[in-house]
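Hi,

Here is the structure I promised to pass on to you.

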Amino acid sequence: MRESGARGLSKAVISASKKRGRWGPEVEERLHRLGWRQRLSPSLVGNVIDPFLKSHHSLALGFFNWASQQPGFSHTPFTFHSLLKSLSHTNHFSAIHSLLKQAKALHFPIQPSLFSSIIASHVARNRARQAFSLYCGVGSLSAEIGVATSNSLLAALASDGCLESARRVFDEMSERGVGFSTLGFGVFVWRVCGEGDLEKVVS
């Protein structure tokens with residue numbers, strides 16, 4: 001029943017958005033006319049976004065924002081998680097950072113796998129410094145970010161010449177027992193050697 005409701009609501013959103021190709025007044029009018037605003041719940045909103053709007057990133061964000069404006073509705077960690085999952089592989093960086101800031105203010109936990117996807121997305125789009133900022137913000141969860149993402153961040157920072165930041169990632173990985181890959185360790189050591197600071201790595 002829950003999936004059926006989420007499927008029906010997502011179809012209404014996608015259908016109403018076809019003319020403009022994005023969220024707009026006509027989508028909101030359709031949802032109001034069909035009576036969806038009175039039937040909203042965090043469970044329904046989260047299940048609409050993931051999986052039905054997961055690949056419709058702008059619609060997912062518009063729907064999330066629209067839901068937050070409806071009387072009596074409040075987002076939960078589940079709805080935040082659903083939207084972040086939708087946006088985690090996109091370049092909607094300002095929206096992602098805004099959501100993370102809101103989640104932190106509300107004391108909503110974010111799963112390490114989501115942080116890993118978001119950090120990896122930043123690295124893939126040559127935003128190593130921003131990825132490092134996110135990495136520093138996860139604290140003890142850094143060990144759960146994963147070997148692949150940690151090493152790609154280490155390599156990206158070293159490649160960009162951000163050796164102080166790379167060294168912090170290297171030290172964090174070493175301290176928390178995160179394994180090194182040929183790429184991550186290799187690029188880092190290569191750049192450190194170029195600066196003549198290898199003794200700082202092996203010390």
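Below is what I found, going region by region. Please keep in mind that this is a predicted model.

Let me start with the nonpolar core. The largest one has 62 residues, and the members that touch the most others are Leu 9, Val 13, Leu 31, Leu 40, Phe 63 and Leu 153. As general background, nonpolar side chains in soluble globular proteins tend to be buried together.

Ser 15 sits in helix H1, which covers residues 2–16. With a relative accessibility of 36%, Ser 15 is partly exposed. Glu 28 is 13 residues from Ser 15 along the chain, and their C-alpha atoms are 12 Å apart. Ser 86 belongs to helix H5, residues 77–87. Its relative accessible area is 3%, so Ser 86 counts as buried, the cut-off being under 20%. Beyond its neighbours within four places in sequence, Ser 86 contacts Ile 49, Leu 53, Lys 54, His 57 and Ala 60.

You will find Arg 125 in the loop that runs between helix H7 (112–124) and helix H8 (128–137). Arg 125 is partly exposed, at 35% relative accessibility. Which residues does Arg 125 contact, leaving aside its neighbours within four places in sequence? They are His 89, Thr 90, Asn 91 and Phe 93. For His 89, there is a polar contact: a polar atom of the Arg 125 side chain lies 3.1 Å from the backbone oxygen of His 89. As for Thr 90, its C-alpha is 9.6 Å from that of Arg 125, although the two are 35 residues apart in sequence.

Finally, the cysteines. How many disulfides are there? The count is zero. Cys 162 is in no disulfide, because its nearest cysteine sulfur, that of Cys 136, is 12 Å away and the pair would have to be within 2.5 Å. Cys 162 is buried, with a relative accessible area of 12%. Cys 193 is in no disulfide either; the nearest cysteine sulfur to Cys 193 belongs to Cys 162 and is 18 Å away. Cys 193 is partly exposed, at 41% relative accessibility.

Technical notes: Residues numbered from 1 in each chain as written. Predicted model: local features only at pLDDT ≥ 70, side-chain atom pairs only at ≥ 80, totals over all residues. Heavy atoms only, no water. Core = buried A, V, L, I, M, F, W, Y, C linked by side-chain atoms within 4.5 Å. Buried < 20%, exposed > 50% of the residue type's maximum accessible area, 1.4 Å probe, protein only. Helix = DSSP H or I, 4+ residues; strand = E, 2+ residues; numbered from the N terminus. Contact = heavy atoms within 4.5 Å. Polar contact = N/O pair within 3.5 Å; in protein donor to acceptor, adjacent residues only side chain to side chain.
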